Amino acid sequence: MEITLNWYLTLSALLFSMGVIGFLFRRNAIVMLMCVELMLNSVNLSLVALSQSMGDTAGQILVFFVMSVAAAEAAVGLALVIAIFRDKLTIDVTQINLFKY
Amino acid sequence: MDLSQAYSMMMTDLGATLFLLIVAVSGLVLVVFDAFKPRHVATPWIAGLALSAGFVIEMMSIGAPEGLAWYDMMRTGGSAAFVNSLVLGSGALSIILTVPYLKKIGHNIGEVYAMILFATVGMLVLGAANNLVTVFVGLETMSICLYILTGFVRSESGSTESALKYFLLGAFSTGFFLYGIALIYGATGSMEFGAIRIAAEQSAGVMFWGGVSLLLVGFLFKVSAAPFHMWTPDVYQGAPTTITGFMSTASKAAAFAALVVVLWKALPAERWADVLAVFAVITMVIGNVIALSQQNIKRMLAYSSIAHAGYVLVGLASGSQAGYSGALFYLMVYTIMNIGAFGVLALLEWDGKEGSEQTLESLAGVGYRKPFLGWTMAVFMFSLSGFPPLAGFLGKWAVFAPAIDADLVWLAIIGVLTSAVSAYYYLRVLVVFFMKPEGENSPMAEHSFDIPRSSAAVLIACVVLLVVFGVTTFALDVTSGFFAADTVTQFLG
């Protein structure tokens, strides 16, 4: 059986939804960061598949930018998580509630 | 294309984006310089001079015709130069205000200036983008630097907490933004604005509209429009005050400029008027109504900045050339007002927690104790609420009038009504400053609230600019030349 573009797009949409749902329902800051990474990488899958099927390289070039952005975001995010943990000894986002309303 | 031609094109493009190179290289130099000479007095000077040099270059090219550079990835001249000079000017003023502020809060970190420069680079790329790839790179460069700037006071829980919230929600919205780009790319086969428009006019399916919706969600998050505004109050309250001033103005101006260009060049406007009008109404109502009940003045200004995003969206909803250029004019006026307001707050801060815990009432009577700060604040508050003859009034006119021309009278009426509501909380600041007696535990007794000359000069400059732009229309005339219809066909051709 041939694997068509739609398979890739469906897989990518599923992974993206898993990332969104995980972000919305998990309360651990690092797990939320991982869910964001999952969202970004599922988009990368879409971009590569679309780029391949159209025979156009622009999508694959964007993937490189996305990878570097995701790396930078992970670095900043983990640094922030460490700063928060030193201060509060927790990274549960429901406990990080100094500001409200 | 042979190599020599590519080389000569590169030299032309380097000249056209010289301002960007100056800022980026100065940022890199500052990182190294600060590693060897920490807390050196020259650090903010280098940063300020780099931004000022870029500002002068871009001010001179505002009158130049719109053009493209770097293989159509970036726009130069015209509206791009206007937004760039707005961002660079905002950055330069913020750096002048930040120097005494960092000394005052005891976190004189040299990297802050490098991060401000890198954030500015992101905003410049974003404001001058002509391709969704450029938009993405600019947006993320800007956002990642702003996460760091928000949280650089690591010893303070408020600062790190707001940075983590900003980071998590910002990264989440990036995912949507990127998925939108991928779907638009899949539907149209291109990421270049003009090509997207041509492809979308021929066939626009579910994939295209889904992509556009996700892209809009990403944009509305970055400009803090309701209902994607949840991060704004927390981040603005917890971030160091002058940094709040910087990100509430420059980042919003750059993101809105990119949104304007996307709407103008890539998306057929008429379908978006209603969607944007709905978001504008929600944003104006939520921002202005919740601001009424805020006790913390930074948080109040955060809701006020949400409301102002709503006013700009009114201009975008009209979908006309006047609406787009009015939005750019409004962003300029808003930048001047907010830099000034946050500059005054930075000087009036006494709680040692970046102002995240002091209430408005604690500043009762400060207008008599510090008349200079009181009166400049009065100008900014009157301008924010839209009193003539200050520039805030002309700005509101510039965004509401095109909406009426576009048969969105109801939208303009809601805008005017909500800005009447906003007068209450802006003028309450002045009532507290000038008409309430100092309380018993007033901070006035133990804090002197020194006014450095550099900060005073920035505040005076903001006041003068507000009056000048309010009574003359030359800035409005400049912006109204942007987004002319013939330039669209020129890009499409």
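This is a predicted model: local features need pLDDT of at least 70, side-chain atom pairs count only at pLDDT 80 or more; totals for chains, interfaces and linings use all residues.
A residue counts as buried when its relative accessible area is under 20%. His229(B) has 5% relative accessibility, so it is buried.

His229(B) sits in the loop between helix 9 (206–222) and helix 10 (231–238) of chain B. Leaving aside residues up to four places away in sequence, His229(B) touches Ser224(B), Ile286(B), Tyr303(B) and Ile306(B).

Most residues other than glycine have a negative phi, and most peptide bonds are trans. Ser224(B) is not a glycine, yet its phi is positive, at about 55°. The loop between helix 9 and helix 10 of chain B also holds Pro227(B). The peptide bond from Ala226(B) to Pro227(B) is cis, with omega near 0°.

Glu354(B), a residue other than glycine, has a positive phi near 50°. It lies in the loop between helix 14 (321–347) and helix 15 (366–369) of chain B. With a relative accessible area of 2%, Glu354(B) is buried. Another cis peptide bond joins Pro388(B) and Pro389(B), with omega about 5°. Pro389(B) is in the loop between helix 16 (371–385) and helix 17 (391–405) of chain B.

Now turn to the aromatic rings. Over all chains, the structure holds 23 aromatic pairs. Take Tyr311(B) and Phe400(B): their ring centres are 5.9 Å apart and their planes meet at 85°, so the pair is edge-to-face. The cut-off for that label is over 60 degrees. Tyr311(B) lies in helix 13 (residues 297–318) of chain B and Phe400(B) in helix 17 of chain B, so the pair ties together parts that are 89 residues apart in sequence. Both of these residues are buried.

Trp375(B) and Phe434(B) form a tilted aromatic pair, at 5.0 Å centre to centre and 40° between the planes. This pair links distant parts of the chain: Trp375(B) is in helix 16 of chain B, Phe434(B) is in helix 18 (residues 409–435) of chain B, and they are 59 residues apart. Their surroundings contrast. Trp375(B) counts as exposed, with 55% relative accessibility. Phe434(B) counts as buried, at 13%.

Aromatic residues also gather in a group. One aromatic cluster is formed by Tyr147(B), Tyr166(B), Phe167(B), Phe221(B), Trp231(B) and Tyr236(B).

Chain A comes next. It has three helices and zero strands. Read along the sequence, its pattern is α-α-α. The radius of gyration of chain A is 17 Å, well over the 13 Å that the globule rule gives for 101 residues, so chain A is more spread out than a compact globule. Its C-alpha trace spans about 50 × 25 × 25 Å along the principal axes.

How much of chain A is buried? Of its 101 residues, 42% count as buried. Among contacts in chain A with a separation of 6 or more, 54% come from residues 24 or more positions apart. The accessible surface of chain A is about 5600 Å², and 67% of it belongs to carbon and sulfur atoms.

Finish at the start of the chain. Met1(A) is in the segment before helix 1 (5–25) of chain A. Its relative accessible area is 88%, so Met1(A) is exposed. Together with Ile3(A), Trp7(A) and Tyr8(A), Met1(A) forms a nonpolar patch on the surface, with about 510 Å² of accessible area together.

Definitions and conventions
Residues are numbered from 1 along each chain as its sequence is written. Chains are lettered from A and ligands numbered from 1 in the order in which they are written. Side-chain values use heavy atoms; hydrogens and water are left out. Patches are made of residues with over 30% relative accessible area and no salt bridge: like charges are joined within 9 Å, nonpolar side chains (Val, Leu, Ile, Met, Phe, Trp, Tyr) within 5 Å. Accessible areas come from the Shrake-Rupley method with a 1.4 Å probe; for residues, only the protein chains shown count as cover. A salt bridge is a side-chain nitrogen of Lys or Arg within 4 Å of a carboxyl oxygen of Asp or Glu. Helices (H or I, at least four residues) and strands (E, at least two) are DSSP runs, numbered from the N terminus. Buried means under 20% relative accessible area, exposed over 50%, partly exposed in between (1.4 Å probe, protein chains only). The radius of gyration is taken over C-alpha atoms; the globule rule is 2.2 Å times the number of residues to the power 0.38. Contact means heavy atoms within 4.5 Å. Rings of Phe, Tyr and Trp (its six-membered ring) pair if their centres lie within 6.5 Å; planes under 30 degrees apart count as stacked, over 60 as edge-to-face and the rest as tilted.
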